Amino acid sequence: MLTSLYEEAAKKKGLIQEEIQEIDNSDFDINKFWNFDYIEPSKDKLKIAAGDGSYSSKKFLGFNIYAVAALGLIFDGDKLDSIENIELDATYHQKFFIDKLRAKMSIFEIENAIKAIEKNKVDYYMIDGSLLGDIIRPAPNDNDLQKLYIEKLDNLANILKYKHKMIAVSKTSTTNDYFKNNIPDMSIFERFNKMEGYSNPIYLNVNSQVKREFLIHDSFFKSLDFTIFYIRIDDYKNILKVELPYKADKDEIEEIISIIKRDAVEGYPYLLKKAHQDVIIRHKDINDLSKILGLYEKTGREMLN
């Protein structure tokens with residue numbers, strides 16, 4: 001199989017390079033969307049938090065072992081505190097298993113954010129990913145998964161009571177709201193502009209993105225407006241996508257950028273990076289957890305090794 005793929009790569013090398021070159025030579029007017037302004041990092045005394053989540057599983061012949069975790073980090077300028085939310089368990093083989101783990105992880109992340117805001121009194125909470133995507137992504141037609149999505153939507157409604165404290169930051173995105181091209185906006189901004197700055201905002205209403213009814217809180221979610229923009233914190237560093245779950249004006253956007261820049265390292269918020277590094281559950285980790293649980297039943301893949 002690999003030999004055939006190597007041969008196919010050799011045959012298609014020129015054609016694929018031409019296609020990539022065509023993308024590189026595309027003409028996009030970046031300047032009409034991009035502000036090259038320098039924004040000072042915030043010097044305000046703020047309590048900032050950031051969170052991320054992870055999940056992993058191991059399939060045995062008769063069941064699955066899974067681990068789900070979410071971590072919130074809270075920094076007040078002097079001290080770093082943390083909030084954890086974890087689950088380790090076994091379950092039968094089932095449809096949409098990975099979707100359920102993903103939903104559990106999201107629920108744990110939102111619960112951490114609620115706790116950080118309500119109990120730890122943080123000024124801002126940064127999450128890794130897309131709040132808008134979490135809201136509009138439909139749930140597969142499965143009773144257990146529907147229950148999880150109802151819990152998730154209920155948590156999202158609770159956290160969005162504090163929408164002016166929430167900042168969503170994405171390292172990847174496939175949306176094309178700016179250039180209306182098959183190439184994602186993030187890729188275009190990344191390829192054709194290397195300078196620090198931020199894009200003009202785009203405003204999206206949830207009602208315009210979703211035609212179905214939400215399982216709960218339908219009118220609340222459909223009333224929400226989102227502010228979407230891209231930033232590059234330092235010259236030649238990666239482009240990031242930022243979502244705010246409210247309609248933000250220029251001054252509010254620049255204030256949020258100054259907060260993101262405050263503790264950034266190598267063009268990315270340090271707390272988000274550390275949360276990701278500390279929470280990630282690797283394949284080795286789930287194997288080690290299975291051994292601690294005393295589980296050595298065959299997985300069915302031994303004959304392939």
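Biologist: What makes threonine 227 count as buried or exposed in this predicted model?

Modeller: Threonine 227 has a relative accessibility of 0%. Buried means under 20%, so threonine 227 counts as buried. The residue lies in strand β9.

Biologist: Which backbone atoms does the side chain of threonine 227 reach?

Modeller: The side chain comes to 2.5 Å from the backbone oxygen of tyrosine 246 and to 2.8 Å from the backbone nitrogen of alanine 248. Polar contacts require N or O atoms within 3.5 Å. Not counting residues up to four places away in sequence, threonine 227 also touches a list of residues including Pro201, Ile202, Tyr203, Val242 and Ile253.

Biologist: Why is the pair of glutamate 266 and lysine 237 called a salt bridge?

Modeller: The N to O distance between the two side chains is 2.7 Å. The rule asks for a Lys or Arg side-chain nitrogen within 4 Å of a carboxyl oxygen of Asp or Glu, so the pair qualifies as a salt bridge. Glutamate 266 belongs to the loop between β11 (264-265) and β12 (268-269), and lysine 237 to the loop between β9 (225-232) and β10 (240-244), so the pair ties together parts that are 29 residues apart in sequence.

Biologist: How do you know which accessibility class each of glutamate 266 and lysine 237 belongs to?

Modeller: Glutamate 266 has a relative accessible area of 55%, and exposed means over 50%, so glutamate 266 is exposed. Lysine 237, at 25%, is partly exposed, because that class lies between the 20% and 50% limits.

Biologist: What makes lysine 43 and glutamate 40 a salt bridge?

Modeller: Their side chains meet at 3.6 Å, N to O, and the limit is within 4 Å. Lysine 43 counts as exposed at 71% relative accessibility, whereas glutamate 40 counts as partly exposed at 47%.

Biologist: How many salt bridges does the rule give?

Modeller: The count comes to 19 salt bridges.

Biologist: Why are helices α2 and α4 called roughly parallel?

Modeller: Helix α2 (residues 97-118) and helix α4 (residues 143-159) pack at an angle of about 20 degrees. Angles under 35 degrees count as roughly parallel, and therefore α2 and α4 are described as roughly parallel to each other. Their axes are 9 Å apart, and α2 passes α4 in a left-handed crossing. Residues making the contact include Ala103, Ile107, Ile110 and Ile114 of α2, and Leu145, Leu148, Tyr149 and Leu156 of α4.

Biologist: What makes phenylalanine 97 buried?

Modeller: Phenylalanine 97 is in helix α2. Its relative accessible area is 11%, and the limit for buried is under 20%, so phenylalanine 97 is buried. Leaving aside neighbours within four places in sequence, phenylalanine 97 is in contact with Ser57, Asn64, Tyr66 and Thr91.

Biologist: Why is arginine 212 called partly exposed?

Modeller: Arginine 212 has a relative accessible area of 34%.

Biologist: Which backbone atom does the side chain of arginine 212 reach?

Modeller: The side chain reaches the backbone oxygen of isoleucine 136 at 2.9 Å. Leaving aside neighbours within four places in sequence, the contacts of arginine 212 are Ile135, Ile136, Arg137, Pro138, Asp218 and Lys222.

Biologist: What percentage of the residues of the protein count as buried?

Modeller: Of its 305 residues, 44% count as buried. The protein has ten helices and twelve strands, and its C-alpha trace spans about 60 × 60 × 45 Å along the principal axes. Among contacts between residues at least 6 apart in sequence, 74% join residues at least 24 apart.

Definitions and conventions. Residues numbered from 1 in each chain as written. Predicted model: local features only at pLDDT ≥ 70, side-chain atom pairs only at ≥ 80, totals over all residues. Heavy atoms only, no water. Buried < 20%, exposed > 50% of the residue type's maximum accessible area, 1.4 Å probe, protein only. Helix = DSSP H or I, 4+ residues; strand = E, 2+ residues; numbered from the N terminus. Polar contact = N/O pair within 3.5 Å; in protein donor to acceptor, adjacent residues only side chain to side chain. Contact = heavy atoms within 4.5 Å. Axes fitted to C-alpha atoms, helices over the stretch in contact; angles between N-to-C directions. Parallel < 35°, antiparallel > 145°, perpendicular 65-115°, else oblique. Left-handed = near helix turned anticlockwise from the far one by under 90°.
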